[in-house]
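Biologist: I'm new to this one. Could you walk me through how to read it?

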Amino acid sequence: MNKTKLKIVALISGIILSTSSALASLDDAKQLKIISYNVYNGMKLDESEGKQKYIDWAKAQDADIIAWQEMNFFTREKLEKFAASYGHKYAVLLKESPEDAAFFPVAITSKYPIINVNKVVDNLWHGALYADIGNYHFVVTHMNPFWTAKRIDEINLIIDSIKYSRDPKGKWIIAGDLNSFSPADKSDYDKSTLLEDIKEKQKKRPILENLVDGKLSYTVQQNLLDAGFIDALKIKHKEFVATAPTKVFYDQASVPLRYDYIYVSPPLKNNVIDVQVIKDDFTDKYSDHYPVQMIIKNDSY
């Protein structure tokens, strides 16, 4: 066999080995750590070069998969470089318009290959990113912040997209800033001044229509629950846990609320090991939302 053929064989063998090892690494993982984080306007509060403070935080978390929201000013190349800096070889951005400060894309990054990507922007305010990692189906979204009626339309679209997919009873994970209230938190909201706070915000910003008949609406989350999805945080925490405001601020309310969620489909319910809202020195100061973290037992079949 001549030298050219040997080089070709070696190259092909290397590709096969690297591919198999990448695929095997997901199968070998006993657990998966998943984080969902709204980072506020393209990580605006991190003024370090290349968003190094976010990189350092992500490295410390060592998550397998991160669902990001408000990735303003990112491009595909910038996201891939950013993700690689904390050990994620794979990264997908929903859309890009790096000069538009009002363009709020979501993204997903992962240690493992991201496949079967579907980027949906039609009929959705910020859009939804569908992607598979192994046999897990992810939907990363950021719902309309202004109008309850629009959010209801958006969640119904997402529910139907799963219902009529090729794997409606599969392992689905819906993550993101849903800008809506959970009925599981109703008793806590009833005891707080949240309703009055939102009414005041709406007086100052007439564009906001986040109440229905002057009351908090739970329809978005109820529709998800009625479709069979499970609010992962509530599996492990019956008490109320807010995801906003942080110690920085939150422009829609000054009273604690929960707008950030990870939902799972029924096949994953018993695989949920731990769920928490991450509140630390970094997350206190670098966004107006706290991230949600879920750890699941990895059944890679």
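**Reading the fold**

Modeller: Let's start with a helix: the cover over the buried residues of α6 includes α5 (186-191), β9 (211-212) and β10 (215-216). Before going on, note that this is a predicted model, where local features need pLDDT of at least 70 and side-chain atom pairs count only at pLDDT 80 or more, while totals for chains, interfaces and linings use all residues. Residues are numbered from 1 along each chain as its sequence is written, and side-chain values use heavy atoms, with hydrogens and water left out.

Biologist: What do "buried" and "helix" mean here?

Modeller: Buried means under 20% relative accessible area, exposed over 50%, and partly exposed in between, with a 1.4 Å probe and protein chains only. Helices (H or I, at least four residues) and strands (E, at least two) are DSSP runs, numbered from the N terminus.

Biologist: Which residues of helix α6 are buried?

Modeller: In α6 (residues 194-204) they are Leu194, Asp197, Ile198, Lys201 and Gln202. They cover an arc of only 135 degrees around the axis, which puts them on the same side of α6. The arc is that of the directions from the helix axis to the C-beta atoms.

Biologist: Why do residues three or four places apart point the same way in an α-helix?

Modeller: An α-helix has 3.6 residues a turn, so residues at that spacing point the same way. Now try helix α3 (residues 76-85), whose buried residues are Leu79, Phe82 and Ala83. Their arc around the axis is only 95 degrees, which puts them on the same side of α3. Lys81 and Ala84 are exposed, on the face turned away from the buried side of α3.

Biologist: What covers the buried residues of α3?

Modeller: The cover includes α2 (52-61), β2 (65-69), β3 (90-93) and β4 (107-110). After α3 comes Gly87, with a positive phi near 90 degrees.

Biologist: Which residues other than glycine have a positive phi?

Modeller: Tyr40 is one of them, with phi of about 65 degrees. Tyr40 sits in the loop between β1 and α2 and counts as buried at 18% relative accessibility. Phe73 is another, with phi near 75 degrees. Phe73 belongs to the loop between β2 and α3 and is partly exposed, at 32% relative accessibility.

Biologist: How should I read the inside of the protein?

Modeller: In soluble globular proteins, nonpolar side chains tend to be buried together. A nonpolar core is a set of buried Ala, Val, Leu, Ile, Met, Phe, Trp, Tyr and Cys residues joined through side-chain atoms within 4.5 Å. Here the largest such core has 34 residues, and those with the most contacts inside it are Ile108, Ile133, Phe138, Ile173, Met294 and Ile296. Apart from it lies another core, of 23 residues, including Val39, Phe74, Leu93 and Tyr286.

Biologist: What does Phe138 touch?

Modeller: Contact means heavy atoms within 4.5 Å. Leaving out residues up to four places away in sequence, Phe138 touches Ile34, Ile65, Ile108, Leu129, Tyr130, Ala131, Ile133 and Ile173.

Biologist: And how do I read aromatic pairs?

Modeller: Rings of Phe, Tyr and Trp (its six-membered ring) pair if their centres lie within 6.5 Å; planes under 30 degrees apart count as stacked, over 60 as edge-to-face and the rest as tilted. The structure holds 19 aromatic pairs. Take Tyr37 and Trp68: their ring centres are 6.2 Å apart and their planes at 25 degrees, so the pair is stacked. This pair links distant parts of the chain, as Tyr37 is in strand β1 (residues 31-38) and Trp68 in strand β2, 31 residues apart. Tyr37 is buried, with 0% relative accessible area, and Trp68 is buried at 0% as well.

Biologist: Which angle lies between the planes of Trp125 and Phe146?

Modeller: It's 85 degrees, with 5.7 Å centre to centre, which makes the pair edge-to-face. Trp125 is partly exposed, at 35% relative accessible area, whereas Phe146 counts as buried at 17%.

Biologist: Finally, how many helices and strands are in the protein chain?

Modeller: There are nine helices and 14 strands. Buried residues make up 51% of the 301 residues.
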